[in-house]
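Biologist: Please show me the sequence and the structure. I have some questions about the chains and the contact between them.

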Amino acid sequence: MTPRLDRRELLGLGVSLGGLALFPRCLRAEPAAAGRVRATVVLIHLVGGNDGLNTLVPYAHKRYRSARPTLALGREAVVPLSEGLGLHPSLRPLAPLWEKRQLAIVAGVGYPQPDFSHFRSTEIWQTAQPERAPTFGWVGRALAERPSASPLRAVALAREQPLAFTAPEPTVATLTDFGRFRLPAGLEEVARLYATSGERTGAAGAVAAAGERALALAHKISRLSPADGPWQGPLGEDLRKALSLLEADLDLEALHLSFGGFDTHAAQARVHGELLGALAQNLALWQARLERAKLAERVVTVVYSEFGRRVDENASAGTDHGSAGPVFVLGNGLTGGLLGTQPALDDLDDGNLRFTTDFRRIYAALLRHAWDQDPAPVLGDVTPLELFR
Amino acid sequence: MGQPLAPPAAIAHLLRRAAFSAGAGTAEMESAPGYEQAVERVLATVDEPPDLLPADFDAYRPGTIQHTWLARLLAGRGALAERLAFFWHGHFATSQAKVTDGPLLWRQMELFRSQGAGRFEDLVLAVSRDVAMVRFLDGNANRKGHPNENYARELMELFALGRGAYSEHDVRELARAFSGWGSRHHEFVFTESFHDAGAKTLLGHSGSFDGEAAVKIVVGHPACAPFVCRKLARFFLAPEPPEPLIERLVVAWRATDGRVREVLRALFLDPEFRAPAHARSLVRSPVEFVVAAARLAGHAELPPAVEGSLDRLGQVLFRPPSVKGWTSGTAWLTAGTLVERLRAAQVLAEGVSVSAAEAAILREFGATPPPALRAVLSAAPVERRLALAFASPEFQLA
């Protein structure tokens with residue numbers, strides 16, 4: 001596999017590195033260079049089931065107002081996007097991105113026969129195999145379709161590997177702090193053990209060579225520190241580490257972050273507003289920092305949740321597990337605006353929204369655009385959504 | 001293929017493959033008068049029962065089943081039975097991510113341990129009725145008129161035949177044969193009214209097969225013996241075992257009605273098994289790595305820091321990443337996992353006396369370790385040698 005550089009990338013590298021520096025990068029023989037993709041996909045999972053109806057709000061709809069006696073948001077509250085639809089007021093920091101077409105919102109995303117279990121629905125979103133026993137994650141399968149000798153291709157900012165990243169080959173890592181990548185004190189000679197791959201033959205040579213690459217990368221990561229800035233809460237903590245990883249130019253193909261607390265069965269209004277506020281402020285900062293680091297062209301950020309919530313609020317001023325919801329996509333080169341169709345409130349499926357866009361169409365667009373790869377072997381026969389220009 | 005390895009190198013190689021490593025329980029094999037006797041002593045361990053469970057064993061408590069199994073692996077009773085249980089766990093991979101009841105997974109592992117060396121057909125039949133497997137691959141949803149094909153498909157694709165040996169039609173027919181095989185609470189139940197007793201054609205056979213008859217047909221298919229023998233050879237011998245060897249194993253399989261113990265006897269006694277090219281040709285998985293190091297270091301239990309790092313190392317028992325089991329090869333060694341291995345190497349070597357450490361290195365590497373390793377070990381202070389040996393590229397290989 002040879003590195004593929006399109007004109008835009010060539011220009012980008014030329015500007016940032018100078019023409020001369022470009023050639024060694026292209027000609028570099030080591031296999032890690034083969035992993036270079038057009039963009040890193042950053043996935044943010046809103047854990048618990050985000051209330052899509054109070055995120056992308058059909059504020060003018062009679063059925064919305066009657067279904068949500070205490071939770072409904074009115075015209076005066078929302079950030080208007082289009083006729084009858086607006087964003088939760090806490091999402092106002094995203095408005096400038098919307099105007100610059102750096103934010104696309106896909107309405108009504110879901111899958112047939114919705115499952116209301118957090119675990120199972122997360123499994124469906126992360127494996128993209130709703131109709132069978134899951135094998136590997138959708139990202140893991142995508143990586144396996146494009147083999148690479150890189151010792152690290154995707155990082156989850158988490159203690160436990162998300163299902164999306166489970167892969168035939170564990171070239172994915174979890175990261176809670178950079179220090180875990182530091183070579184333990186007292187084992188400095190070990191680096192020498194692995195640096196002598198040339199003296200070894202057969203399997204030991206292969207292990208030493210793989211180990212040498214892995215240790216070099218681990219060393220690089222161990223010296224990083226989280227990016228500074230007014231990041232907020234646990235999502236901010238993970239984003240600042242993610243930003244450092246991206247700035248370090250490690251050729252990572254995907255990152256996964258989780259942001260919990262969206263399972264709002266009771267007294268939803270305040271907590272949901274705070275969560276969305278933290279999400280929006282962090283994402284606005286994230287996108288600004290990516291711009292500043294000249295990475296905005298090379299990163300696509302996707303915010304999803306395992307399901308939305310029921311249309312009718314419950315007796316505890318909260319909402320119960322539901323079905324379809326909006327997906328947010330941030331990046332440059334987006335078509336932008338509102339994609340898909342807001343599900344009809346007067347044609348419910350047992351009290352739940354009927355999805356209008358299959359989530360796999362978003363993944364297919366990401367595979368095509370970000371990783372330049374045929375979605376079919378990973379996702380089956382799915383038409384990519386027109387997310388990118 | 002070069003002169004076959006001779007004892008003690010041949011026995012050390014055998015133990016790395018059939019007992020995780022030398023350690024508790026293997027002294028008798030290491031002192032065998034010859035290689036063949038060592039093989040017989042290894043094979044005899046499949047009949048050794050495990051140690052009694054601790055009185056406070058509670059399979060529901062998180063982490064308990066992994067902890068207890070790891071302690072058994074370190075204790076070394078029934079070395080080959082445990083090794084086979086680990087093999088079958090990766091083969092019939094069932095995960096706690098879906099089957100949340102610890103006791104069911106523990107029972108499945110005990111099934112692998114007690115029947116893993118027997119007839120493959122008996123094992124498949126027992127697995128087909130195993131409640132963890134029934135739950136994992138949706139047996140309870142497989143009913144007459146509403147077949148669920150999960151188990152039928154994986155049985156042929158991953159457990160017994162491999163892709164290409166069957167058609168989609170066979171998958172549907174096999175699912176019909178298993179319809180009604182479900183579970184209630186923690187027990188297997190057959191529900192007659194859910195069973196499709198109609199005529200079926202499966203892999204060229206016709207009849208009103210039930211699940212038991214269908215298992216016989218699947219295991220009797222010509223693709224089954226080579227498929228399972230190849231997988232055993234990949235686990236016990238080499239990433240790409242030579243085809244003539246597979247053919248010899250298939251002969252042993254057919255002569256003994258698919259008895260795994262006899263296939264392994266044929267494998268361990270085959271001159272190919274001791275070919276020098278196969279020595280240290282398999283990358284140790286994370287569990288194999290920590291268990292081998294802990295056994296050599298003489299630990300009765302894994303240090304908690306090491307046990308707690310298995311998820312970062314990439315392999316948690318009872319949590320295979322998918323029904324396809326775990327990966328293999330150098331893919332185990334990534335930027336994240338290798339540093340964790342080195343950390344574990346250091347913790348596992350802590351508190352081991354200098355003389356015990358020297359003995360452990362001798363047991364694993366023999367009197368003449370590979371030159372690159374020997375150079376580093378001889379330059380290092382004695383108290384650091386064991387950690388370095390565990391951290392070395394050579395030790396990542398069995």
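Predicted model: local features only at pLDDT ≥ 70, side-chain atom pairs only at ≥ 80, totals over all residues.

Modeller: Residues are numbered from 1 along each chain as its sequence is written, with chains lettered from A and ligands numbered from 1 in the order in which they are written.

Biologist: Which element gives the largest share of the side of chain A that touches chain B?

Modeller: Residues are in contact if their C-beta atoms, placed from the backbone, lie within 7 Å; the contact takes 42 residues from chain A and 40 residues from chain B. On the chain A side, β7 (172-174), α7 (188-194) and α8 (202-222) each supply at least two residues. Helices (H or I, at least four residues) and strands (E, at least two) are DSSP runs, numbered from the N terminus. The largest share, 13 residues, comes from α8(A).

Biologist: Why does the radius of gyration of chain B agree with a compact globule?

Modeller: The radius is taken over C-alpha atoms, and the globule rule is 2.2 Å times the number of residues to the power 0.38. For 398 residues a compact globule would have a radius near 21 Å, so chain B agrees with its 22 Å.

Biologist: How many helices and strands does chain B have?

Modeller: The C-alpha trace of chain B spans about 75 × 45 × 40 Å along its principal axes. Its secondary structure consists of 21 helices and four strands.

Key. Contact = placed C-beta atoms within 7 Å.
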